[in-house]
Amino acid sequence: GDRFTADGASHQCRTLDWDAGRYLLLRIETGDTPLKLSGFCLRATGYPLALDSEWQFAAPAYDALIGLCRNSLLRCMHTTYMDCPHYEQMMYAGDSRLEMLSTYILSRDRRLPRKALLEFAASQTPEGFTLARYPSREAQLIPPFALWFASMVCDYAQWTDEPELIAWLLPRVRRVMEAFSRCREKTSGLILNPAGWNFYDWAEGWKLGEPPGGSNQPGALLNCHYVYTLELLAQLEAYMGCGEQSEAWQSEAQQLRAAVRERFFVPERGLLSDDTAQRCFSQHTQALALLGGLGGRELYDKLFDPGLTGCTIYFSHYLFEAAKLFGDGPRCLKLLEFWRNLSGQGFLTTPERPEPSRSDCHGWGSHPLYHLATGLAGIRPVAFGGRTFAVRPLDAPDCPDFHCVLGLPAGEITVTRRGGDYAVESRGDLKIDDKMFGTNGDTTISHYQERSFS
């Protein structure tokens with residue numbers, strides 16, 4: 001808090017730094033003379049992000065969800081991204097990847113995402129890992145966050161046409177992968193958990209957010225994460241004209257998939273265990289296994305079994321990604337219920353984790369913005385360079401009608417749903433697939449005149 005001492009004259013008191021929270025308490029103590037408070041106001045501060053996209057829903061709860069997630073992101077954008085506007089106020093790679101994806105949905109502005117990539121690249125250690133948070137006066141290593149940095153580079157290349165920047169970043173990304181390769185177990189080829197804080201999620205039962213298993217032990221989650229990153233990089237290398245490196249990443253991913261299944265797959269449960277003892281199972285490992293090509297529909301059907309350690313707000317992004325991979329619109333709507341219920345609890349932003357939560361505003365919780373656009377509306381990049389998109393909405397019986405306008409650097413895409421029918425329009429230098437796909441094959445496309453609806 002802040003304390004102001006009055007001297008009897010008229011003053012305008014301002015704090016020297018911003019504050020953040022759900023509630024505000026004013027305590028006024030007077031001496032021998034009365035004190036008159038003539039006015040009070042709050043001023044917002046943050047990065048001046050231009051909002052180039054818009055949503056209209058037939059269901060008001062979804063409009064509230066959009067506002068809550070957007071507010072969460074904007075409160076965590078300043079001279080850099082940051083995890084939260086009250087505690088650390090620092091840019092973490094795991095947080096920033098999701099914040100950057102939300103930014104691509106809201107705005108054509110790429111300056112802050114570009115700065116985040118350059119900052120994390122500048123943090124790279126001699127061993128090849130990028131730091132977990134940067135800029136920071138204290139170096140912190142969360143090894144999985146270095147892999148999220150590699151994913152951030154791939155994301156940027158999908159949503160933005162800046163091959164020169166990607167060409168500059170690629171050698172740094174390769175050094176990250178080399179750092180993990182040096183942690184390989186000789187007998188199995190699996191990646192051992194590097195020294196450091198191997199944080200993945202604030203999951204119940206995990207000590208300080210780390211999955212079961214310690215340093216210098218092979219863990220399924222890290223290895224699935226590494227395979228997932230290899231697959232992304234193989235596509236990026238091919239786009240950048242590095243065919244041999246692309247094939248090398250694909251070959252490594254194929255070998256590691258076999259090693260992971262041999263060590264961690266438990267046939268009687270049809271799941272991958274988190275640990276080599278095959279006693280612990282989580283949604284986290286199954287989700288990244290699915291995204292990395294280590295399983296199919298049978299594994300996805302077990303992803304939401306109640307016996308698995310569940311994802312919290314942060315890592316549920318990858319549950320959404322798995323649901324979209326298998327065209328599961330009803331599941332995506334089900335996952336959104338947590339965010340739809342927050343406003344009824346007095347939240348104006350998304351907390352760090354389910355209550356009791358330390359932080360009432362955490363930027364990584366804005367990721368439903370990304371999934372509403374890429375899942376519900378189905379607007380997804382299908383090539384690098386930010387110009388080629390597919391429109392493949394995820395239909396569901398309870399899906400509300402909506403009107404979505406997505407502003408992109410190369411143009412604009414509009415998707416409107418009414419009663420199960422969809423209309424698509426694009427403007428600018430964009431290439432759009434001429435078909436849309438729902439969960440049961442081709443959905444009906446009906447074009448109509450209304451540009452908006454209530």
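The model is predicted, so local features need pLDDT of at least 70 and side-chain atom pairs count only at pLDDT 80 or more, while totals for chains, interfaces and linings use all residues. Residues are numbered from 1 along each chain as its sequence is written, and side-chain values use heavy atoms, leaving out hydrogens and water.

**H5 and its partners**

- Helices (H or I, at least four residues) and strands (E, at least two) are DSSP runs, numbered from the N terminus.
- H4 and H5 pack with their axes 10 Å apart, at an angle of about 155°; axes are lines fitted to C-alpha atoms, for helices over the stretch in contact, and angles run from 0 to 180 degrees between N-to-C directions.
- Contact means heavy atoms within 4.5 Å, and the H4 side includes Phe149 and Val153, with Leu169 and Phe180 among the residues from H5.
- That contact has 16 nonpolar residues, no polar and no charged ones (Ala, Val, Leu, Ile, Met, Phe, Trp, Tyr, Cys and Pro count as nonpolar, Asp, Glu, Lys and Arg as charged, and the others, Gly among them, as polar).
- H3 (residues 111–122) and H5 (residues 163–181) have axes that come within 11 Å and cross at roughly 30°, which makes H3 roughly parallel to H5.
- Here the touching residues are Arg114, Leu117, Leu118 and Ala121 of H3, plus Leu165, Trp168, Leu169 and Arg172 of H5.
- This H3 and H5 contact splits into six nonpolar, no polar and two charged residues.

**The cavity**

- On a 1 Å grid over the protein atoms alone, a cavity is a set of points where a 1.4 Å probe fits but cannot get out, a pocket is an open set with protein on both sides within 12 Å along at least five of seven lines, and lining residues have an atom within 4 Å of a point.
- There is one cavity of 30 Å³ or more, and the largest cavity holds about 70 Å³ of space.
- H13 gives the largest share of its lining, four residues.
- The lining comes out as seven nonpolar, three polar and no charged residues.

**The second largest pocket**

- Its volume is about 720 Å³, meaning the space filled by probe spheres set on grid points joined across faces, edges and corners.
- Of its 23 lining residues, Gln158, Leu232, Glu321, Leu325 and Pro381 lie nearest the centre.
- The lining has 12 nonpolar, four polar and seven charged residues.

Definitions and conventions
Angles under 35 degrees count as roughly parallel, over 145 as roughly antiparallel, 65 to 115 as roughly perpendicular and the rest as oblique.
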